[in-house]
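I opened this entry to work through one chain by its contacts.

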Amino acid sequence: MIELPASYKEYLADKSQHFVDTVRPVLMQSAAEKLHGVRVVNNPTGHQAHLDDTLPFGVVLEDID
């Protein structure tokens with residue numbers, strides 16, 4: 001089983017279940033690969049998360065679209 005790093009768990013700690021359900025798959029992918037961090041983009045329709053090769057593994061960065 002893939003374990004999320006502490007930084008990802010802390011990031012999710014105060015988020016709504018809907019938000020967690022949206023970004024968790026990408027956090028899990030990042031944790032499995034251990035190569036890149038995750039950028040979470042807030043856009044008019046909600047949130048979108050994707051791996052970002054400019055961020056080191058374990059880092060989550062929120063951005064606005």
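**Salt bridges**

I searched the whole structure and found five salt bridges. I note here that the model is predicted.

I looked up Lys9 next. Its side chain meets that of Glu3 in a salt bridge, 2.2 Å from N to O. Lys9 is partly exposed, at 42% relative accessible area. Glu3 counts as exposed, at 54%.

Then I took Lys15. Its side chain meets that of Asp14 in a salt bridge, 3.6 Å from N to O. Asp14 is exposed, with a relative accessible area of 62%. Lys15 is partly exposed, at 27%. I also asked which residues are linked in a network of salt bridges. They are Asp14, Lys15 and Glu62.

Is Arg39 buried or exposed? I read 17% relative accessibility for Arg39, and the cut-off for buried is under 20%, so Arg39 counts as buried. Asp63 is partly exposed, with 32% relative accessible area.

As a reminder to myself, side chains of opposite charge can pair when their charged atoms come close.

**Helix H2**

I moved to H2, which has 17 residues. From first C-alpha to last, H2 reaches 24 Å, close to the 24 Å expected at 1.5 Å a residue. I looked for a kink and found one of about 40° at Val23, shortly before the proline Pro25. After H2 comes Lys34, whose phi is positive, near 55°.

Which residues of H2 are buried? I listed Phe19, Val20, Val23, Val26, Leu27, Met28, Ser30 and Ala31. An α-helix has 3.6 residues a turn, so residues three or four places apart point the same way. I then checked what the buried residues of H2 pack against. The partners are helix H1 (6–12), strand S1 (36–43), strand S2 (46–56) and strand S3 (60–64).

**Ser30**

Ser30 has 1% relative accessibility, so it counts as buried. What does its side chain make a polar contact with? The partner is the side chain of Tyr8, at 2.7 Å.

I set aside the neighbours within four places in sequence and listed the contacts of Ser30. They are Tyr8, Leu35, His36, Gly37, Val38, Leu51 and Phe57.

I finished on S1. Six of its eight residues are buried, so S1 is largely enclosed by the rest of the structure.

How do S1 and S2 run, parallel or antiparallel? They run antiparallel, and eight bridges join them. S1 and S2 form a hairpin, with two residues between them. I found that the bridge partner of His36 in S2 is Pro56.

S1 and S3 run parallel, joined by five bridges. On that side, I found Arg39 opposite Leu61 in S3.

Conventions:
Residues are numbered from 1 along each chain as its sequence is written. This is a predicted model: local features need pLDDT of at least 70, side-chain atom pairs count only at pLDDT 80 or more; totals for chains, interfaces and linings use all residues. Side-chain values use heavy atoms; hydrogens and water are left out. Buried means under 20% relative accessible area, exposed over 50%, partly exposed in between (1.4 Å probe, protein chains only). A polar contact is a pair of N or O atoms within 3.5 Å; within protein, one must be able to donate a hydrogen and the other to accept it, and residues adjacent in sequence count only if both atoms are side-chain atoms. Contact means heavy atoms within 4.5 Å. Helices (H or I, at least four residues) and strands (E, at least two) are DSSP runs, numbered from the N terminus. The expected span of a helix is 1.5 Å times one less than its number of residues. The bend at a residue is the angle between axes fitted to the seven residues ending there and the seven starting there. A salt bridge is a side-chain nitrogen of Lys or Arg within 4 Å of a carboxyl oxygen of Asp or Glu. Two strands pair if DSSP finds at least two bridges between them.
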